[in-house]
Every structure is written in structure tokens, then in C-alpha cells.
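I opened this entry to keep track of what I looked up, item by item. The model goes in first, then my notes.

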Amino acid sequence: MSLLRQRRPVVGTGSGRLLDQEPADAAGVRLREVSKTFSRRRRPGRTALDGVSLDVEPGEFLCLLGPSGCGKSTLLNILAGFVPADSGEVLVGGRPVTGPGPDRGVLFQTPMLFSWLTTWQNVLYGPKARGTLTPQVHEEAERLLETVGLADARDAYPHELSGGMRHRAAFARVLINRPGVLLMDEPFGALDAITRAAMQRFLLELWQQQRMTIVFVTHDVEEATLLGDRVCVLSGPPGGTKAVIDIDLRRPRSYDDTETLEFVNAKRRIREVLER
Ligand SMILES: Nc1ncnc2c1ncn2[C@@H]1O[C@H](COP(=O)(O)OP(=O)(O)OP(=O)(O)O)[C@@H](O)[C@H]1O
Ligand SMILES: [Mg+2]
């Protein structure tokens with residue numbers, strides 16, 4: 001019996017199953033009038049976010065775009081529970097965010113891996129720390145490493161992996177927790193074009209099958225158009241919600257779609273809002 005549950009009808013990904021893992025329930029995200037000012041010693045504080053409101057539906061892929069310094073990372077860090085908001089409402093799965101938790105997987109531009117642990121140990125770190133290591137978790141870790149193409153690199157340390165491999169290891173490390181929400185801050189920004197395209201394809205296939213909620217920060221209009229159901233454009237600094245744009249391109253998407261007229265038009269609409 002397939003453990004995979006798809007939350008929306010999809011046309012098929014054209015690839016085999018990525019994960020043989022029961023997905024966590026995708027959680028919705030709700031931000032209401034969220035503000036954040038970073039205090040600075042003897043100088044006026046720096047307002048990073050000024051009344052941001054946004055809803056992300058369970059299972060939606062939302063991209064966040066905006067000029068440098070407009071508070072995208074701050075917003076993600078607030079959702080991750082790393083940074084508290086000064087005011088406003090921050091709910092994930094209907095519950096107020098009070099700190100980090102395994103229900104939210106976070107991926108940064110630099111993959112977060114412990115340098116002194118092997119790929120295998122990195123993937124199992126979270127369950128071990130929480131005391132939830134079971135034979136089933138070990139099996140899942142095996143499957144995840146297969147999925148991300150790192151079965152042969154199980155005993156390698158991070159410095160022995162390529163950039164793309166490190167990213168895939170970080171993915172596996174996050175996915176072992178079955179997060180309902182993935183928070184991604186320019187995760188592929190530092191990768192070369194080929195590895196980046198491969199990681200985008202991997203992420204699309206993963207999301208297509210697991211349908212977790214994704215909030216994905218990027219500077220790249222093409223990446224946002226390729227990946228997102230909607231693109232939220234932030235104004236600023238300080239950050240406020242400028243517009244939320246529907247990307248009504250068919251799914252599943254692939255790089256071939258980037259050459260279609262619909263894709264180019266969608267990109268243009270986003271650019272116009274960004275430059276407004
Ligand atoms: N920990 C912090 N302490 C003080 N100021 C901060 C801190 N984190 C962010 N800021 C400030 O908040 C503002 C928003 O920063 P943030 O990193 O969220 O922007 P961003 O949109 O992610 O930018 P970029 O696109 O360059 O990554 C900036 O003015 C930044 O200097
Ligand atoms: Mg940032």
C-alpha cells in the first residue's frame with residue numbers, strides 16, 4: 001500500500017516515487033500585521049518588517065521576493081521561531097510560534113550540517129537528540145539517503161561532499177522530521193547553474209508528492225515563477241506586503257516550461273510589480 005498521500009490532484013511527476021514516507025500534515029501559515037525592529041546600542045533601531053500580513057494555505061508553495069534588506073530572512077526566521085516578532089500574529093498550523101520546532105524544516109543558503117558528523121549521523125541527529133530513534137527511523141533514513149542520491153556517501157563527512165551533495169544531505173536531515181512546513185532562505189543561491197537546476201527539479205518533485213507547505217525566499221524572478229503557486233512581493237525596506245501574484249502555470253512544471261509564452265508573461269508580471 002502506498003504511504004503517499006497527495007493532497008491535490010496532480011498529473012504525475014514523470015519520475016518515480018521520491019519518498020516512501022508518510023508525509024506530515026501540511027500546516028497553514030498566517031501572519032497578521034507582523035512588525036520587527038532590531039534595537040541597536042545608542043542608535044535608533046532598524047525596522048526590518050512593518051505590518052506584514054500573509055496567508056499560506058496548507059500544501060501551498062509560496063515564494064517571497066523583494067529587494068535586499070526588505071526583511072525576507074527576518075520573516076523566515078520569525079516563522080522558524082529563531083527570532084520573536086515585536087507585534088502581530090504568527091501562526092503555523094493554527095498555533096502561535098513560540099520557538100523552533102521539528103514541525104518546521106529550515107534550509108538556508110549554506111547547508112546546515114555538523115562538520116564532525118557523517119552524512120548518516122547528520123540525518124539521524126534530530127531524532128537522536130529528541131530520543132525518537134527507532135528501527136523505523138533508521139529505515140526511513142536509509143530511504144531518504146537513497147532518495148537524495150547519497151546512499152554511497154553515507155559515511156562521508158560534509159567536507160568530503162560537493163556543494164549539491166551537501167544541500168541534499170541537509171534536505172534529508174530536515175525531511176527525517178517529516179515537517180509540515182519547509183522554510184527555505186535562498187537555498188540554491190550559491191549553487192552553479194546546473195546543480196541549481198537539479199535541486200529545483202528535486203524540490204518540485206518532492207513537493208509534488210509530499211505537498212508540504214513551502215515558504216521559499218529567492219532573489220530570482222525565474223526561480224519564483226518556476227516553483228511558486230503564488231509569489232509574495234515585499235516592499236521596503238522596511239518590509240511590507242506589496243502584492244501577492246498567482247502563478248497559474250500548469251503543474252507539474254519543468255525547465256522546458258521556462259521557454260513558453262505563459263511563463264515569460266508570468267515573469268514579466270512579477271518584474272513589473274517588483275519595479276513599481
Ligand atoms: N540580527 C539582526 N540584528 C540587527 N539588524 C538585523 C538583524 N537581522 C536583520 N537585521 C536588519 O533587518 C533588515 C532586514 O534584514 P533581512 O536579512 O531580513 O533582509 P533580506 O530581505 O533577507 O535581505 P537579503 O535579500 O539581502 O538577504 C536589514 O536592515 C538588516 O540589517
Ligand atoms: Mg536574506
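Predicted model: local features only at pLDDT ≥ 70, side-chain atom pairs only at ≥ 80, totals over all residues.

**Entry: a cis peptide bond**

I looked up the peptide bond from Arg251 to Pro252. It is cis, with omega near -10°. Next I placed the proline. Pro252 sits in the loop between strand S10 (240-246) and helix H7 (261-275).

**Entry: a backbone angle**

I checked Arg178. Its phi is positive, about 50°, and the residue is not a glycine. I found Arg178 in the loop that runs between H4 and strand S7 (181-185).

**Entry: the annotated span**

I turned to the UniProt record. It carries the feature "domain: ABC transporter" at residues 29-261, in an unreviewed entry. I then checked that span in the model. Its end C-alpha atoms are 32 Å apart. Residues 29-261 are 31% helix and 28% strand.

**Entry: ligand 1**

How many residues surround ligand 1? I got 13. The closest are Arg46, Ser68, Lys72, Ser73 and Thr74.

I went through the backbone next. A polar backbone atom of Gly69 lies 2.8 Å from an oxygen atom of ligand 1. For Gly71, a backbone N or O atom is 3.0 Å from an oxygen atom of the ligand. For Cys70, the corresponding distance to an oxygen atom of ligand 1 is 3.2 Å. I also looked up the area: ligand 1 taken alone exposes 640 Å², and the protein buries 64% of that.

Which elements each supply at least two residues of the shell? I noted strand S2 (43-56) and helix H1 (72-80). H1 gives the largest share, three residues.

**Entry: the largest pocket**

I looked up the volume of the largest pocket. It is about 540 Å³. The lining has 22 residues. Nearest the centre of the pocket are Phe82, Val106, Arg173, Val174 and Asn177.

S6 gives the most, with four residues. By class, I recorded 15 nonpolar, four polar and three charged residues in the lining.

**Entry: Arg196**

I finished with one side chain. Arg196 is in helix H5 (residues 193-210). Which side chains does the side chain of Arg196 contact? One is Asp220, in a polar contact of 3.2 Å. Another is Glu223, joined to Arg196 by a polar contact of 3.4 Å.

Conventions
Residues numbered from 1 in each chain as written. Chains lettered and ligands numbered in written order. Heavy atoms only, no water. Near = heavy atom within 4 Å. Polar contact = N/O pair within 3.5 Å; in protein donor to acceptor, adjacent residues only side chain to side chain. Areas by Shrake-Rupley, 256 points an atom, 1.4 Å probe, with all protein chains shown as cover. 1 Å grid on protein atoms, 1.4 Å probe; cavity = no way out; pocket = protein on both sides within 12 Å on 5 of 7 lines; lining within 4 Å. Points joined across faces, edges and corners; volume = space filled by probe spheres on them. Nonpolar A, V, L, I, M, F, W, Y, C, P; charged D, E, K, R; others polar. UniProt positions renumbered as here; feature names shortened; annotations may be inferred.
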